[in-house]
Amino acid sequence: MTGLDRRPAAATDTALPRGPLAGFAAGSLGMGVWVTVPGLLLLYFLTDVLAVGPWLAGLALLLPKVADVVLHPWVGHRADVEQARRGDRRRLLLLGCALPVAFAALFAVPGRLTGAPAAAWVAVIFVAGNLLFAAYQVPYLSTPADLRIGYHERTRLMAFRMVVLTLGILLSGLLAPLLTGGDAATRGGYQRMGLVLALGMLAAMLVGVAGIARLRGSAADPTPAGHGGWRALRTALRDRQFRWLVAAYLAMSTTTHLVLAGVPYYAEYELRAPGLTTVLVAAFVAPALLVTPGWLVLARRVGKQRALLGAQGAFAVGSLVLAVGRPAGLVVLVGAVAVLGVAFAGMQLLPFSMLPDVIRAATADTGTGAGTYTGVWTATEATGAALGPYAYALCLTVGGFVASSAGESPVQPDAALAAVRYGFGLLPAVAMLAAVLLQRRYTLDATARATS
């Protein structure tokens, strides 16, 4: 079944209880640490603590992201095998709870390793950690499709997850630098940070496993389990609705990671105030704590796809304001970043709640396949996380940006300063326009909403 000919599985009006919802969402608190801290500190840890050359440090962080493209669909296959054999994905979730061990090991480089050996240690542990992260994330995000709930309740479930994930990102982003010792950070400081946050991760992820079990108990899907696996992977790749949704999400993920990578450059070279980096990051991430309920209400009124198109359009407009740069004024620019943050909240909530709509429609007759679909989805997210920073770096390269070591302040050519500004503003607007065009090819939303 493809396109508008598909009929989603009959929905129910089951309202999930708040307790299990909160337990499920708690798992995102632990995942938020892994999503945030390595991206925030690992490059600096390699170059300024372990004496790894920048090019080698970048390679050590890039290769694990490339591995994700293969690892995540494979984990999705294993998740569907588990579902077919055991009726749940609990064993993979529990395996994923070993992620805190990898997180702590990432910042506990043994002995006095420096340079290439230290980079090799980090790269290997990062690959192992990403595999454990996938073992938890894929079955975790398969939960909405595994439950017998309707169109709107899937959005409500993911709204709980979005708020807690944002809280985890903010808390870990604040605590991690403090626990390392800040400007005076040492190997011991990074080891202490890794251990403390790992303990918090473990507690949150175990609560998430218990929450998923309670959700399955309150809204179990009686649909018999199918075989899933590689057959489901072929189904997913041939699924027209899924392809358009994934393509649009790839464009969105690439764009948002591009913006995050550009924040420190925009603060230093355009706003001429490096200290504003924290302000801009907070303006981008924090709105999700406040506006996610609003996106939930809007999705109920106009549908998920129309709400998502609105979020994409707002992101593009805000990006164009940032392309103006200093002449627009600091207040206007910070406000534009906040607009991007509001849109970002919608672009995190709505696609993740549309994914189970696609899965339910595609697998109504064949049983399980949610893990495989989700594995492809999370691989797409990882690809966007790798492409975004490299797209911004390419923009800087074209502008002739001059790299430097700590303590140096080279004079940047005008073309490089223009690249900083347009890479942060104009390039995201163009990329988000591509996301809008791709998203308009997705046509399942009206059918999924009508049958809810």
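R161 lies over the face of F352, 4.6 Å from the ring centre. A charge counts as over a ring if NZ of Lys or CZ of Arg is within 6 Å of the ring centre and within 35 degrees of the ring normal. R421 sits over the face of Y422, also at 4.6 Å from the ring centre.

This is a predicted model, in which local features need pLDDT of at least 70, side-chain atom pairs count only at pLDDT 80 or more, and totals for chains, interfaces and linings use all residues. Residues are numbered from 1 along each chain as its sequence is written, and side-chain values use heavy atoms, with hydrogens and water left out.

The whole structure holds 14 aromatic pairs. Rings of Phe, Tyr and Trp (its six-membered ring) pair if their centres lie within 6.5 Å; planes under 30 degrees apart are stacked, over 60 edge-to-face, and the rest tilted. Two of the pairs are tabulated here.

| Pair | Centre distance | Plane angle | Type |
|---|---|---|---|
| Y136 and Y140 | 5.8 Å | 25 degrees | stacked |
| F352 and W377 | 5.7 Å | 80 degrees | edge-to-face |

F352 belongs to helix α13 (residues 330-362) and W377 to helix α14 (residues 370-398), so their pair ties together parts 25 residues apart in sequence. Helices are DSSP runs (H or I, at least four residues), numbered from the N terminus. Y136 and Y140 are both in helix α5 (residues 115-146), four residues apart, about one turn of the helix.

Buried means under 20% relative accessible area (1.4 Å probe, protein chains only). Y136 is buried at 0%, and Y140 is buried at 0%. F352 is buried at 2%, and W377 is buried at 0%.

Elsewhere, ring pairs join W34, F103, F107, F126 and Y190 into a cluster.

Note on methods: Helix = DSSP H or I, 4+ residues; strand = E, 2+ residues; numbered from the N terminus. Buried < 20%, exposed > 50% of the residue type's maximum accessible area, 1.4 Å probe, protein only.
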